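Hi everyone, thanks for coming. Today I'd like to walk you through the aromatic contacts in one model, so let's bring it up.

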Amino acid sequence: GTFDFDGGIPPQPPELGRMRVQIAPLSTSGPDAGAPVPDAQYASGRFALRSVIPGRYRLNVTGLPSGWTLKSAVFGGRDVLDTMLDVKGGEDLSGGILTFTNQSTELTGTLQDQSGKPIADYTIVVFPSDRRFWTPMSRRIQAMRPSTDGRFTFRNLPAGDYRLSAVVDPEPGEWFDPAFLEQLVGATMPLTLGEGEKKVQDVRVARQQ
(Lines give C-alpha, C1' and ligand atoms only; values in the text may rest on other atoms or scores of the structure.)
Protein backbone atom coordinates (compact mmCIF):
# COMPACT_ATOMS: atom_id res chain seq x y z
CA GLY A 1 0.00 0.00 0.00
CA THR A 2 0.87 3.69 0.20
CA PHE A 3 0.89 6.51 2.75
CA ASP A 4 -1.23 9.65 2.61
CA PHE A 5 -0.98 12.73 4.85
CA ASP A 6 -4.02 14.78 5.79
CA GLY A 7 -3.24 18.37 6.80
CA GLY A 8 -0.03 20.35 6.97
CA ILE A 9 3.29 19.60 5.32
CA PRO A 10 4.00 15.84 5.12
CA PRO A 11 7.05 14.53 6.98
CA GLN A 12 10.29 14.47 5.03
CA PRO A 13 12.00 11.25 3.80
CA PRO A 14 14.33 10.79 6.81
CA GLU A 15 11.30 10.68 9.11
CA LEU A 16 9.35 8.44 6.76
CA GLY A 17 12.18 5.92 6.83
CA ARG A 18 11.68 5.38 10.56
CA MET A 19 8.03 4.40 10.20
CA ARG A 20 7.19 0.71 10.30
CA VAL A 21 3.88 -0.95 9.44
CA GLN A 22 3.09 -3.82 11.81
CA ILE A 23 0.26 -6.31 12.25
CA ALA A 24 -0.60 -8.43 15.28
CA PRO A 25 -2.95 -11.45 15.32
CA LEU A 26 -6.25 -10.84 17.07
CA SER A 27 -6.28 -14.33 18.53
CA THR A 28 -3.78 -15.49 21.15
CA SER A 29 -4.53 -19.13 20.31
CA GLY A 30 -4.78 -21.10 17.09
CA PRO A 31 -2.31 -21.86 14.29
CA ASP A 32 -1.19 -18.24 13.85
CA ALA A 33 -0.65 -17.47 17.55
CA GLY A 34 3.05 -18.32 17.70
CA ALA A 35 3.93 -17.57 14.10
CA PRO A 36 6.29 -14.68 13.29
CA VAL A 37 4.40 -11.60 12.10
CA PRO A 38 6.04 -9.58 9.33
CA ASP A 39 6.43 -5.83 9.36
CA ALA A 40 7.49 -3.40 6.66
CA GLN A 41 9.30 -0.11 6.26
CA TYR A 42 8.03 2.66 4.06
CA ALA A 43 10.34 2.91 1.04
CA SER A 44 10.05 4.37 -2.45
CA GLY A 45 6.50 5.51 -1.76
CA ARG A 46 5.15 2.08 -0.84
CA PHE A 47 5.15 -0.58 1.88
CA ALA A 48 4.59 -4.33 1.61
CA LEU A 49 3.85 -7.13 4.07
CA ARG A 50 4.51 -10.57 2.58
CA SER A 51 3.95 -14.19 3.65
CA VAL A 52 1.16 -13.27 6.07
CA ILE A 53 -0.59 -16.34 7.51
CA PRO A 54 -4.39 -16.23 6.98
CA GLY A 55 -6.21 -14.80 10.00
CA ARG A 56 -7.52 -11.62 11.55
CA TYR A 57 -5.02 -8.93 12.47
CA ARG A 58 -4.83 -5.53 14.09
CA LEU A 59 -2.68 -3.03 12.17
CA ASN A 60 -0.37 -0.45 13.73
CA VAL A 61 2.38 1.93 12.64
CA THR A 62 5.37 2.75 14.84
CA GLY A 63 7.99 5.45 14.49
CA LEU A 64 5.50 8.17 13.57
CA PRO A 65 6.89 11.72 13.37
CA SER A 66 5.96 13.95 16.29
CA GLY A 67 2.44 15.33 16.06
CA TRP A 68 1.14 12.75 13.57
CA THR A 69 -1.29 9.88 14.23
CA LEU A 70 -2.74 7.12 12.07
CA LYS A 71 -6.22 8.26 10.97
CA SER A 72 -7.35 5.35 8.79
CA ALA A 73 -6.12 2.17 7.11
CA VAL A 74 -8.31 1.33 4.14
CA PHE A 75 -8.01 -2.09 2.46
CA GLY A 76 -10.67 -3.31 0.05
CA GLY A 77 -12.81 -0.26 0.77
CA ARG A 78 -12.92 -0.88 4.55
CA ASP A 79 -11.17 0.98 7.34
CA VAL A 80 -9.52 -1.89 9.20
CA LEU A 81 -8.61 0.32 12.17
CA ASP A 82 -12.25 0.07 13.22
CA THR A 83 -12.63 -3.60 12.38
CA MET A 84 -9.78 -6.01 11.66
CA LEU A 85 -7.52 -6.80 8.74
CA ASP A 86 -9.00 -10.09 7.55
CA VAL A 87 -6.41 -12.03 5.51
CA LYS A 88 -7.62 -15.03 3.51
CA GLY A 89 -5.45 -17.70 1.89
CA GLY A 90 -4.06 -16.68 -1.50
CA GLU A 91 -5.50 -13.17 -1.20
CA ASP A 92 -3.59 -10.12 -2.44
CA LEU A 93 -4.56 -7.05 -0.42
CA SER A 94 -2.70 -4.57 -2.58
CA GLY A 95 -3.74 -0.96 -2.97
CA GLY A 96 -4.18 -0.22 0.73
CA ILE A 97 -3.96 3.41 1.88
CA LEU A 98 -2.73 4.46 5.32
CA THR A 99 -3.78 8.03 6.06
CA PHE A 100 -2.07 10.09 8.76
CA THR A 101 -3.23 13.34 10.32
CA ASN A 102 -1.72 16.06 12.47
CA GLN A 103 -5.20 17.16 13.60
CA SER A 104 -5.51 15.10 16.79
CA THR A 105 -8.39 15.29 19.25
CA GLU A 106 -8.14 15.88 22.99
CA LEU A 107 -10.79 15.37 25.65
CA THR A 108 -10.02 16.77 29.09
CA GLY A 109 -12.02 17.36 32.24
CA THR A 110 -12.28 17.00 36.00
CA LEU A 111 -14.07 14.29 37.95
CA GLN A 112 -16.12 15.92 40.74
CA ASP A 113 -18.52 14.95 43.50
CA GLN A 114 -21.95 16.56 43.88
CA SER A 115 -20.48 19.59 45.66
CA GLY A 116 -17.98 20.21 42.84
CA LYS A 117 -14.98 18.91 44.80
CA PRO A 118 -12.40 17.04 42.66
CA ILE A 119 -12.19 13.30 43.33
CA ALA A 120 -10.02 10.53 41.93
CA ASP A 121 -11.37 7.19 43.18
CA TYR A 122 -13.18 6.22 39.97
CA THR A 123 -12.11 5.07 36.50
CA ILE A 124 -13.22 7.30 33.63
CA VAL A 125 -14.31 5.33 30.55
CA VAL A 126 -14.97 6.86 27.13
CA PHE A 127 -16.47 4.68 24.41
CA PRO A 128 -18.29 5.14 21.07
CA SER A 129 -22.06 5.43 20.87
CA ASP A 130 -22.05 3.13 17.84
CA ARG A 131 -21.99 -0.47 19.06
CA ARG A 132 -20.20 -1.61 15.89
CA PHE A 133 -17.02 -0.18 17.39
CA TRP A 134 -17.25 -2.15 20.65
CA THR A 135 -14.39 -4.45 19.66
CA PRO A 136 -11.31 -5.80 21.49
CA MET A 137 -8.61 -3.11 21.86
CA SER A 138 -10.68 -0.61 19.89
CA ARG A 139 -8.94 2.73 19.29
CA ARG A 140 -12.29 4.38 20.13
CA ILE A 141 -12.36 3.01 23.70
CA GLN A 142 -10.13 4.43 26.41
CA ALA A 143 -10.08 4.33 30.20
CA MET A 144 -7.97 5.96 32.90
CA ARG A 145 -7.87 6.89 36.57
CA PRO A 146 -7.89 10.66 37.14
CA SER A 147 -4.91 12.31 38.81
CA THR A 148 -5.15 13.30 42.48
CA ASP A 149 -6.77 16.62 41.50
CA GLY A 150 -9.47 14.79 39.55
CA ARG A 151 -8.16 15.72 36.11
CA PHE A 152 -8.24 13.32 33.17
CA THR A 153 -7.12 13.54 29.52
CA PHE A 154 -7.90 11.34 26.52
CA ARG A 155 -5.98 11.91 23.29
CA ASN A 156 -6.24 10.79 19.66
CA LEU A 157 -9.82 9.53 19.72
CA PRO A 158 -11.24 9.51 16.18
CA ALA A 159 -13.93 12.10 15.48
CA GLY A 160 -17.41 10.83 16.31
CA ASP A 161 -20.10 10.39 18.95
CA TYR A 162 -19.06 9.06 22.37
CA ARG A 163 -20.30 8.31 25.86
CA LEU A 164 -18.41 9.17 29.04
CA SER A 165 -18.82 7.33 32.34
CA ALA A 166 -17.25 7.09 35.81
CA VAL A 167 -16.90 3.49 37.01
CA VAL A 168 -15.95 2.03 40.39
CA ASP A 169 -13.09 -0.48 40.26
CA PRO A 170 -13.55 -2.15 36.85
CA GLU A 171 -11.34 -5.11 36.00
CA PRO A 172 -8.40 -4.20 33.70
CA GLY A 173 -9.62 -4.28 30.10
CA GLU A 174 -13.25 -4.87 31.11
CA TRP A 175 -14.20 -1.72 29.19
CA PHE A 176 -13.64 -3.62 25.91
CA ASP A 177 -16.41 -6.09 26.80
CA PRO A 178 -19.67 -5.20 24.96
CA ALA A 179 -21.75 -6.60 27.85
CA PHE A 180 -19.96 -4.29 30.29
CA LEU A 181 -20.44 -1.25 28.04
CA GLU A 182 -24.13 -2.08 27.61
CA GLN A 183 -24.55 -1.86 31.38
CA LEU A 184 -22.98 1.61 31.39
CA VAL A 185 -25.08 3.18 28.63
CA GLY A 186 -27.94 4.29 30.87
CA ALA A 187 -25.61 6.24 33.17
CA THR A 188 -23.33 7.96 30.66
CA MET A 189 -22.84 11.47 29.35
CA PRO A 190 -23.08 11.81 25.53
CA LEU A 191 -20.60 13.99 23.67
CA THR A 192 -19.33 14.57 20.14
CA LEU A 193 -15.71 15.09 19.07
CA GLY A 194 -14.99 16.86 15.79
CA GLU A 195 -11.88 16.42 13.67
CA GLY A 196 -8.94 17.85 15.65
CA GLU A 197 -11.25 19.22 18.36
CA LYS A 198 -10.00 20.01 21.88
CA LYS A 199 -12.95 19.61 24.25
CA VAL A 200 -13.37 20.11 28.00
CA GLN A 201 -16.05 18.01 29.68
CA ASP A 202 -16.25 17.69 33.48
CA VAL A 203 -17.94 14.66 35.06
CA ARG A 204 -19.93 14.90 38.28
CA VAL A 205 -20.94 11.80 40.24
CA ALA A 206 -23.11 11.14 43.30
CA ARG A 207 -20.81 9.36 45.73
CA GLN A 208 -22.37 6.39 47.46
CA GLN A 209 -22.37 6.39 51.23
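**Aromatic rings**

Let's start with Phe-100, which counts as buried at 1% relative accessibility; buried here means under 20% relative accessible area, with a 1.4 Å probe and protein chains only. Do keep in mind that this is a predicted model, where local features need pLDDT of at least 70 and side-chain atom pairs count only at pLDDT 80 or more, while totals for chains, interfaces and linings use all residues. Residues are numbered from 1 along each chain as its sequence is written, and side-chain values use heavy atoms, leaving out hydrogens and water.

Now the pairing rule: rings of Phe, Tyr and Trp (its six-membered ring) pair if their centres lie within 6.5 Å, with planes under 30 degrees apart counted as stacked, over 60 as edge-to-face and the rest as tilted. That gives seven aromatic pairs. One of them joins Phe-3 and Phe-100 edge-to-face, at 5.0 Å centre to centre and 70° between the planes. Phe-3 is in strand β1 (residues 2–6) and Phe-100 in strand β8 (residues 97–101), so this pair ties together parts 97 residues apart in sequence. Strands, by the way, are DSSP runs of E, at least two residues, numbered from the N terminus. Phe-3 is buried too, at 9% relative accessibility.

Next, Phe-5 and Trp-68 pair edge-to-face, at 5.3 Å and 90°. Phe-5 sits in strand β1 and Trp-68 in the loop between β4 (55–62) and β5 (69–75), 63 residues apart. Both Phe-5 and Trp-68 are buried.

So which residues do ring pairs link into a cluster? Phe-3, Phe-5, Phe-47, Trp-68 and Phe-100. Happy to chat!

Methods
Helices (H or I, at least four residues) and strands (E, at least two) are DSSP runs, numbered from the N terminus. Buried means under 20% relative accessible area, exposed over 50%, partly exposed in between (1.4 Å probe, protein chains only).
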